[in-house]
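I am opening a notebook page for this chain, and I want to write down what I look up, step by step.

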Amino acid sequence: MESVDKLKVTAAVALVAIGVAGFYLVPANQGALRVLAVIAGLLLAAATVWFSQPGRDFVDYARDSVKEAQKVVWPTRKETWQVTGIVFAFVGVLALFMWAVDSGLAWVFYDLILGRK
């Protein structure tokens, strides 16, 4: 990252900090002005980052992400219910298996080895 871009990102962080500081410096009875200070800080920071190389890279990444998300083929309602049923069945079988192992180990250790009844 170039030094100019580092300065822009640093300025953006400073603008966010100034917006948050403005929120706390404005009296509590002026809620709208407090929120406006934070929003202004965020908008100014976003505008500053927008003109830096990392900001442009982020926008390109976001555009590519949206394009990829549009390519996703979502399952139908029937497929979703079928997979959900398989998951529940597997969880049930696994729970029975874990109960059987736990009961078996408890029987081996407490009844056979230690002789407790």
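How many helices and how many strands are there in the chain? I noted first that the model is predicted, and then I counted 4 helices and 0 strands in the chain. Read from the N terminus on, the elements run α-α-α-α. The radius of gyration of the chain is 29 Å, well over the 13 Å that the globule rule gives for 117 residues, so the chain is more spread out than a compact globule. I also looked up the box that the C-alpha atoms fill along the principal axes, and it is roughly 75 × 40 × 35 Å.

Next I turned to burial and surface. Of the 117 residues, 9% count as buried, and the accessible surface of the chain comes to about 9,800 Å², with 73% of it belonging to carbon and sulfur atoms.

From the record I took the annotation: an unreviewed UniProt entry places the feature "transmembrane region" at residues 7-26, 32-51 and 86-110. In the model, residues 32-51 are 95% helix and 0% strand, with their end C-alpha atoms 29 Å apart, while residues 86-110 are 100% helix and 0% strand, with their end C-alpha atoms 36 Å apart.

Last, I looked at one residue in a loop. Serine 52 is found between helix H2 (31-50) and helix H3 (53-70). Is serine 52 buried or exposed? Its relative accessibility is 0%, and therefore serine 52 counts as buried. Leaving aside neighbours within four places in sequence, I found serine 52 in contact with Asp5, Lys8 and Val9.

Terms used. Residues are numbered from 1 along each chain as its sequence is written. This is a predicted model: local features need pLDDT of at least 70, side-chain atom pairs count only at pLDDT 80 or more; totals for chains, interfaces and linings use all residues. Side-chain values use heavy atoms; hydrogens and water are left out. UniProt positions are given in the numbering used here, feature names are shortened, and annotations may be inferred rather than shown by experiment. Helices (H or I, at least four residues) and strands (E, at least two) are DSSP runs, numbered from the N terminus. Buried means under 20% relative accessible area, exposed over 50%, partly exposed in between (1.4 Å probe, protein chains only). Contact means heavy atoms within 4.5 Å. The radius of gyration is taken over C-alpha atoms; the globule rule is 2.2 Å times the number of residues to the power 0.38. Accessible areas come from the Shrake-Rupley method with a 1.4 Å probe; for residues, only the protein chains shown count as cover.
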